[in-house]
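Reader: I'd like to go through this model with you, one contact at a time. Could you put it up first, please?
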Amino acid sequence: PQGIGSPSVYHAVIVIFLEFFAWGLLTAPTLVVLHETFPKHTFLMNGLIQGVKGLLSFLSAPLIGALSDVWGRKSFLLLTVFFTCAPIPLMKISPWWYFAVISVSGVFAVTFSVVFAYVADITQEHERSMAYGLVSATFAASLVTSPAIGAYLGRVYGDSLVVVLATAIALLDICFILVAVPESLPEKMRPASWGAPISWEQADPFASLKKVGQDSIVLLICITVFLSYLPEAGQYSSFFLYLRQIMGFSSESVAAFIAVLGILSIIAQTIVLSLLMRSIGNKNTILLGLGFQILQLAWYGFGSEPWMMWAAGAVAAMSSITFPAVSALVSRTADADQQGVVQGMITGIRGLCNGLGPALYGFIFYIFHVELNELPMPESPSGGSVVTQYHLQQNSIIPGPPFLFGACSVLLALLVALFIPEHTNLNVRSGNWKKHCGSHGHPHSPQAPGEAKEPLLQDTNV
C-alpha cells in the first residue's frame, strides 16, 4: 500500500494530533471573533453553530463509516480532515463565512470514526483498547499546549499569525495523509466493486437508538448517559467563551485553564479510575463521577470569582471518570455478541447530545439575558493584566444559568443510575442489527461465532 511503512497506530495518532493541535491554536482568537461577529447574542449563536455541527456529524457518521468499508480508510481520512480544517483560513478572510462553514463542516467532521476504524483494521482484539486509549490521550495532549501557544503568539505577533500557523499545520496534516499514511483496509475485505450497495440500515444514525427500550437495564444506562452527557456537551461548547467574556479571564488564563484541566483529566481517567474500579466497584465509580459532575456544574453556576472557576475545574477533572466507567460496566455485563449493540446505543446517544447540548446551553443563556454589554479591555503591552470592564445585564438572575440546569439534569442521572444493578446480563434483541454488523463491520481477521465484536466500530457515531 502507498505510504511510509506498514499501517500502524502511530499513523492515526499523528493525524489526530495535528488536526486538533491546529484547532487548539485558534481557541483564543475564535472567542474574540465570535463576540465581534455576534455582539448581541454571542452565546445563542455559538450554541446554534456548534449544535448544527454536532447534529450533522451525528447524522453523517454511519454513512461515512459504511462508505469507508467500500472505498478504504485513507480517502476518508483525507476527506474528514480537509473539511474539518477548511474553515480555519476563513477566520481572517470573512468571519461570517468562517462560522457558516464550521456549522456545515459537521457533515464530514467525523475524523474519530474513521480513525477508530483504521485502528481496528490493524490491531488484534486484545490490543485494541490500549490503541484507542492512545488515540484519546493524543487528543487530550494536543489541547494541553496548543491554546497556550496560540494565546502567546496572538498577544505578541497578532491573531493573523496564529491563523496562518494553524492553516499550515492543517495542510501538513493533509500532506501527511497523502504521502505517509498507508491504506489499512485490505483489498480482499472490500466489496468486489465501488458500486457496492449500501443499505439504509447501514446509514441510519438512529438505528442504535431504536433498540434502547428493548431491555430495562439498557434503558437505565442510556438514560443515565443522556442526562449526564447533555450538559457536558453544552458545557464544552460555551465554557471557554464564558470564562473569557463573563468571568474576565485573559487569553493566557483560558489557555492555562485548558492545560491544567487536560492534565488532571488524563490522570483521573488512568490512575484514579483504575484505583476506584478496584476499590469501590464499577457502579459506585459511576455514582461518584456523577456526584463530582453535579458539584462542578453547581459551582460553575453560582461561581462569581475566577478562583471558584479554577476550583470547580479540578472537580471537573474528577467527573471525567463517569463515561469510561459506564463503558466498562456495559462491556462487563453484556453478552459477547451484544457488545456492539449496547455500545452502539451509548455512542449514538453521545452523538445526539453533541448536537442538542450546545443549542440548549445557548438558548438558556439567551433566555436569562446573560450577555455582555461591552468587550473586555485589552491587556497592557507590558504583559500585566488590566482589570477587565464587563458586567451582566441587570435582569440576569445568576452568573451561569445553564450550568445549574446541567446540575439538575445530572442529579436526575444519578437517581436513575442508583437503579442500575452491579452485575447483570444485558439482553438486547438485535435481529437485523447483528446481520447488519456482520455485513459491514471492520474485521481484520476471521472471528469465531461467539467472539466479541469491537463495540466502537459497530456504530460509528463516535
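Reader: Let's start with Glu252: how exposed is it?
Author: Glu252 is partly exposed, because its relative accessible area is 24%, and the classes used here are buried for under 20% relative accessible area, exposed for over 50%, and partly exposed in between, with a 1.4 Å probe and protein chains only. Before going on, please note that this is a predicted model, in which local features need pLDDT of at least 70 and side-chain atom pairs count only at pLDDT 80 or more, while totals for chains, interfaces and linings use all residues. Residues are numbered from 1 along each chain as its sequence is written, and side-chain values use heavy atoms, with hydrogens and water left out.

Reader: Fine, and which side chain does Glu252 meet in a salt bridge?
Author: Its partner is Arg155, with 2.6 Å from N to O; a salt bridge here is a side-chain nitrogen of Lys or Arg within 4 Å of a carboxyl oxygen of Asp or Glu.

Reader: What does that pair tie together?
Author: Glu252 lies in helix α12 and Arg155 in helix α8 (residues 125-157), so the pair ties together parts that are 97 residues apart in sequence. Helices (H or I, at least four residues) are DSSP runs, numbered from the N terminus. Arg155 is partly exposed as well, with a relative accessible area of 40%.

Reader: How many salt bridges does the whole structure have?
Author: A search of the whole structure finds 1 salt bridge.

Reader: And how many disulfides?
Author: The search gives 0 disulfides, where a disulfide would be a pair of cysteine sulfur atoms within 2.5 Å. As for individual cysteines, Cys353 counts as buried at 0% relative accessibility, whereas Cys175 counts as partly exposed at 43%.

Reader: Switching to the surface, which residues form the nonpolar patch?
Author: The patch is formed by Val260, Ile263, Leu264, Ile267, Ile271, Leu275 and Trp310, which together have about 580 Å² of accessible area. Such areas come from the Shrake-Rupley method with a 1.4 Å probe, and for residues only the protein chains shown count as cover. Patches are made of residues with over 30% relative accessible area and no salt bridge, with like charges joined within 9 Å and nonpolar side chains (Val, Leu, Ile, Met, Phe, Trp, Tyr) within 5 Å.

Reader: Which helix gives the most to it?
Author: Helix α12 (residues 251-279) does, with 6 residues. Leu264 is found in helix α12, and this leucine is partly exposed at a relative accessible area of 32%.

Reader: Now the inside: how many residues are in the largest nonpolar core?
Author: That core has 109 residues, and those with the most contacts inside it are Ile221, Tyr242 and Met309. A nonpolar core is a set of buried Ala, Val, Leu, Ile, Met, Phe, Trp, Tyr and Cys residues joined through side-chain atoms within 4.5 Å. Helix α11 (residues 216-245) gives the most to this core, with 13 residues.

Reader: Where does the core lie relative to the domains?
Author: Domain 1 (1-185) and domain 2 (208-371 + 400-421) both give residues to this core, so it lies between them; the domain bounds come from an automatic or database domain assignment.

Reader: Staying with helix α11, is Leu227 buried or exposed?
Author: Leu227, which lies in helix α11, is buried with a relative accessible area of 17%.

Notes. Helices (H or I, at least four residues) and strands (E, at least two) are DSSP runs, numbered from the N terminus.
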